[in-house]
Amino acid sequence: MTQKLKIVLVCLLITQWSFSQQKTRADRFFEKGDYINAAKYYEEDLINKRKKKDLENIIISYYNTFQYRDASRYLRLLTTGKFVEQDKLYDNEFNFKFYQVLMALGDYEIALDHLKLYRENLSLNLDKADAIETIEDLKLMNPDYKVNLVDFNSDASDFGAVKYRDSIYFVSDRGENQALPKIYKWTHRPFLNLYGVKDNQNTGITSVPQRLSKQINSKLHDGNFCFSEDGTTIYISKSNTIEGKTKFDDSSNNNIHLYTATFSNNKWSDFEKLSFCDNAYSYQHPALSPDGKKLYFSSNKDGGYGGFDLYYVDINSDGTYGEPTNLGKSINTANREQFPFISSDGHLFFASDGHLGLGLLDNFVSEFVAGNFTKPINLGVPINTQYDDFNLNYYNDKEGFFASNRNKKDDNIFKFVQTGEIFIREYINQFEIRDKETEEFIPNSTVILIDRKGNEIYNNTLDSIASFSANLIAGNYQLYASSENYIRNSMRLYVIEKQDQKHILYLTKVAAPVEKDSNEVSKDLKENDPKRLEMLTDKEGPPIVEREGKLFFDVETIYFDFDMWNIREDSRVILDELAQKLERYPNIILKISSHTDSRGTVRYNQILSERRAEATRNYLALEGYVNARRLKFQGFGELVPKVDCPTDSCTEEEHQLNRRSEFEVISY
């Protein structure tokens with residue numbers, strides 16, 4: 001070897017050594033996808049020097065491991081320029097991450113500021129007020145589903161449940177039934193595999209989950225899948241391999257690709273990769289159309305709108321596949337659209353964090369109409385939360401599964417039953433204005449119908465038949481009516497997803513004035529108002545007390561959990577006792593007033609209080625058998641607190657005191 005060549009080699013070695021020295025231990029863990037250890041060592045590095053790249057990497061590490069509160073600390077430092085470099089610019093993706101992290105932490109108003117900044121940097125607009133209204137509508141919407149955890153979840157991540165015949169198949173990284181399973185660096189858990197469990201429909205109890213055979217599972221990721229209708233073909237997401245060897249792209253990523261196998265002679269064939277999969281990209285989450293002629297999936301391939309988009313390919317009669325077709329900008333966004341499912345009616349269900357929702361991934365549906373998918377609809381609570389909610393699919397017309405990490409740890413599988421209409425429809429509603437005493441129509445009644453946003457739906461003076469019809473979507477409305485010689489009255493109503501509803505608003509005639517002398521007015525209560533005296537002295541059940549000339553039931557406070565309007569178990573006993581006493585006083589008309597604490601926007605609290613008052617009324621009517629005509633309700637939001645304190649100084653106990661319902665006797 002010549003002296004010149006030796007010098008060149010030494011220089012190369014020194015250069016390589018110097019370059020490797022620039023990479024910290026944290027960097028090396030980060031590059032390998034070991035985000036748990038990367039975050040640990042970036043924490044140490046950032047104590048000494050706060051570099052922008054370290055901040056970005058620790059944010060990604062905490063974000064990828066669902067440690068959102070830790071991620072938010074460093075996002076705040078990055079976005080406010082609290083790092084050593086003079087250049088305070090940072091990648092726009094961190095504005096979106098900050099939005100997502102704050103949504104997961106429940107701070108959606110500030111989160112939307114970062115979403116607005118993110119979109120503005122992409123030359124897109126966001127109306128924050130409209131966005132808040134949309135989120136609050138989703139939080140307050142009447143649920144169209146009932147959900148429950150399945151009994152075969154584990155402490156690991158479980159998702160992707162699919163029911164076929166008498167079994168449920170799902171994806172998990174629980175690693176059971178494996179000897180020394182290979183560990184995935186990202187999660188520090190085994191790679192994903194498919195499991196199966198027998199479902200006993202008679203008892204609702206499942207068997208012990210079993211890992212599927214090596215014909216299905218490999219040593220790497222085996223993820224979301226779907227079966228053909230006859231169960232003889234499976235499409236599955238797997239780690240990309242070629243001739244059994246792991247295949248990496250130019251960035252050293254092992255992408256996910258789609259594979260298929262067929263079942264015959266009691267065994268599965270070898271898996272074949274679908275021909276359109278490109279090593280440079282991921283293709284995952286397969287879903288078949290009802291007729292089996294189209295395969296839908298999610299991919300980050302070039303030519304999309306950004307992140308992961310939804311595509312489909314035609315499955316030809318000879319078993320070949322067409323070219324991937326993007327589902328377009330009405331479905332796809334600059335962010336993630338994943339986990340497609342096509343219902344028996346052809347509707348597209350999918351998960352997205354690009355369409356506005358309650359937090360991270362939300363489940364959406366796009367109705368299939370005249371050969372096209374319509375604008376996606378967020379499925380709302382309880383299907384969606386501020387966390388990741390995804391992978392929804394049906395196994396019959398009303399039942400199915402989805403996954404969520406709402407327990408703030410791992411993904412869990414939930415079973416759902418659809419109880420309402422998920423697409424917006426108009427329903428026929430009949431309205432009548434009648435005399436409270438005679439129940440006859442009140443001629444020449446003037447009526448105004450408004451929706452909960454204050455928009456006027458109907459305004460008219462009716463003829464001798466004081467009745468009208470309106471086609472309305474489900475939701476809350478207010479009807480006002482007045483007529484000469486009658487006291488103006490109103491009613492709050494909820495249009496349910498059912499046609500031919502009838503709503504009757506009763507008006508009371510103005511009583512003729514009665515002259516009273518001063519002696520009569522000053523007579524003893526026993527002579528003037530024996531019923532009032534009876535109620536005030538009746539100690540059986542919740543007592544009735546007088547406050548500033550008004551009568552109230554002195555019941556224990558009906559409390560509500562934060563952000564909720566359902567009747568708690570501890571309040572049911574109280575309302576049951578109230579219903580029993582109301583049965584003994586059949587002429588009492590009760591006004592239910594509901595109040596919230598000061599957290600949330602004024603509009604949101606107003607709607608929430610109305611929901612709580614309505615829920616209390618509904619419980620007394622439906623469970624306590626109190627005639628609904630005797631029950632009025634009104635929400636006051638945060639306007640009349642019991643404990644007056646600023647939001648940031650209230651204790652949880654003080655907030656609880658302000659979340660209450662009160663019961664006023666308005667006539668008897």
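This is a short talk through a few local features of the structure above.

Hi everyone, and thanks for coming. Please keep in mind that we are looking at a predicted model.

Let me start on the surface. There is a patch of positive charge here, gathering R25, R28, K32, K40, K182, K185, K214 and K219. Take K219 from that group: you will find K219 in the loop that links β7, residues 210-211, with β8, residues 222-227. Is K219 buried or exposed? Its relative accessibility is 71%, and exposed means over 50%, so K219 counts as exposed.

Now to the strands. Have a look at β19, which covers residues 337-342. Six of its six residues are buried, so the rest of the structure largely encloses this strand. The partner I'd like to show you is β20, residues 348-352, and the two pair antiparallel through four bridges. Within that pairing, F341 has F349 of β20 as its bridge partner. Five residues lie between the strands of this hairpin, and G346 there takes a positive phi near 90°.

If you want a landmark, I448 sits opposite N459 in β30. The hairpin of β29 and β30 has four residues between the strands, and G454 adopts a positive phi near 90°. β29 also pairs with β32, residues 475-482, again antiparallel, and here six bridges join the two. On that side, D451 stands opposite Y477 in β32.

Last topic, and one for those of you who like checking backbone torsions. Most residues other than glycine have a negative phi, and most peptide bonds are trans. So which places deserve a second look?

One is S123, a residue other than glycine whose phi is positive, near 60°. S123 belongs to the loop between α7 (108-121) and α8 (128-140), and it is exposed, with a relative accessible area of 67%.

Another is R165, also not a glycine, with a positive phi of about 55°. The loop between β2 (158-164) and β3 (167-172) holds R165. With 64% relative accessibility, R165 counts as exposed.

And then a peptide bond: the one from V381 to P382 is cis, with omega near 0°. P382 lies in the loop between β24 (377-378) and β25 (389-394).

That's my tour. Happy to go back to any of these spots on the screen!

Conventions: Residues numbered from 1 in each chain as written. Predicted model: local features only at pLDDT ≥ 70, side-chain atom pairs only at ≥ 80, totals over all residues. Heavy atoms only, no water. Patch = residues over 30% accessible without salt bridge, like charges linked within 9 Å, V, L, I, M, F, W, Y side chains within 5 Å. Areas by Shrake-Rupley, 256 points an atom, 1.4 Å probe, with all protein chains shown as cover. Salt bridge = Lys/Arg side-chain N within 4 Å of Asp/Glu carboxyl O. Lys, Arg positive; Asp, Glu negative; His and termini not counted. Charge placed at Lys NZ, Arg CZ, Asp CG, Glu CD. Buried < 20%, exposed > 50% of the residue type's maximum accessible area, 1.4 Å probe, protein only. Pairing = 2+ DSSP bridges.
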